[in-house]
Amino acid sequence: MKLILASAALTAGLLIAGQGCAQMASSDPAAAQAGAYHVEPFHTRVQFTVTHFGFTRYWGDVTGVSGALSLDPKAPAASKVSVSIPVASISTTNARLDGELKSDMFLDGTKYPTITFTSTSVTPTGANTATIVGDLTLHGVTHPVTLNAKFNAAGTNPMSKAVTIGFDADGHFNRSDFGVKTYVPMVSDNVDIRISAAFEKDK
């Protein structure tokens with residue numbers, strides 16, 4: 001009987017704790033605090049994918065993202081975002097491919113160590129969505145790229161206690177536009193990207 005009661009109490013405690021954490025984050029964009037934010041890199045993920053000879057999709061990750069966001073929920077079109085991604089962080093789970101992607105066969109990370117994106121316009125498309133157009137600089141070449149962004153939540157991170165907001169975004173570009181043409185078209189020219197980004201408010 002004591003074991004049953006203890007289990008019930010533990011279950012109830014976990015449920016209450018889970019509800020408490022959920023309440024800390026609001027999916028209402030109006031709940032976001034205006035101000036300056038910076039990328040929280042440990043929970044920000046950027047992935048890219050290309051098709052391999054038409055048979056499969058091959059995924060890669062980049063980490064160590066840094067950047068800044070200026071946000072005013074009352075004037076979302078005035079928002080600005082910039083991010084920087086180190087080429088050296090690319091990981092595909094294939095060490096040989098990682099080396100090729102970082103070499104002058106593809107991204108030439110020694111000569112061009114950083115990929116950057118700087119927004120030029122933000123256009124709201126719904127209550128929690130927006131189109132972000134910006135300049136992508138990759139392999140030393142800059143071209144405009146469009147991201148479709150979705151606001152996820154805002155609130156206080158229960159672990160770090162930092163005011164945090166999160167977004168998802170996706171987009172695509174042709175790598176040949178940036179001078180990265182190796183194996184096109186066997187390995188697709190089109191590169192799809194998806195992003196899940198956390199930003200913490202500056203103190």
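Predicted model: local features only at pLDDT ≥ 70, side-chain atom pairs only at ≥ 80, totals over all residues.
**Entry 1: a surface patch.** I found a nonpolar surface patch of about 490 Å², made by Phe53, Phe55, Tyr183 and Met186.

**Entry 2: Phe53.** I then asked where Phe53 is found. Phe53 lies in the loop between β3 (45–52) and β4 (56–62).

**Entry 3: the hairpin of β3 and β4.** I noted that β3 and β4 run antiparallel and are joined by seven bridges. Three residues lie between the two strands, and Phe53 takes a positive phi near 55 degrees.

Entry 4: I followed β7 (residues 114–124) into β8 (residues 129–138) and recorded an antiparallel pairing over eight bridges. The hairpin they form has four residues between the strands, and Phe117 stands opposite Leu136 in β8. Strand β8 also pairs with β9 (residues 141–156), again in the antiparallel sense, over 10 bridges. Here Thr129 stands opposite Lys150 in β9. The hairpin of β8 and β9 has two residues between the strands, and His139 takes a positive phi near 60 degrees.

**Entry 5: the core.** Which residues have the most contacts inside the largest nonpolar core? I listed Leu69, Leu147, Ile165, Phe173 and Phe199, in a core of 42 residues. I then examined Leu147: leaving aside neighbours within four places in sequence, its contacts include Phe117, Ala130, Ile132, Ala169, Ile193 and Ile195.

Technical notes
Residues numbered from 1 in each chain as written. Heavy atoms only, no water. Core = buried A, V, L, I, M, F, W, Y, C linked by side-chain atoms within 4.5 Å. Buried < 20%, exposed > 50% of the residue type's maximum accessible area, 1.4 Å probe, protein only. Contact = heavy atoms within 4.5 Å. Patch = residues over 30% accessible without salt bridge, like charges linked within 9 Å, V, L, I, M, F, W, Y side chains within 5 Å. Areas by Shrake-Rupley, 256 points an atom, 1.4 Å probe, with all protein chains shown as cover. Salt bridge = Lys/Arg side-chain N within 4 Å of Asp/Glu carboxyl O. Pairing = 2+ DSSP bridges.
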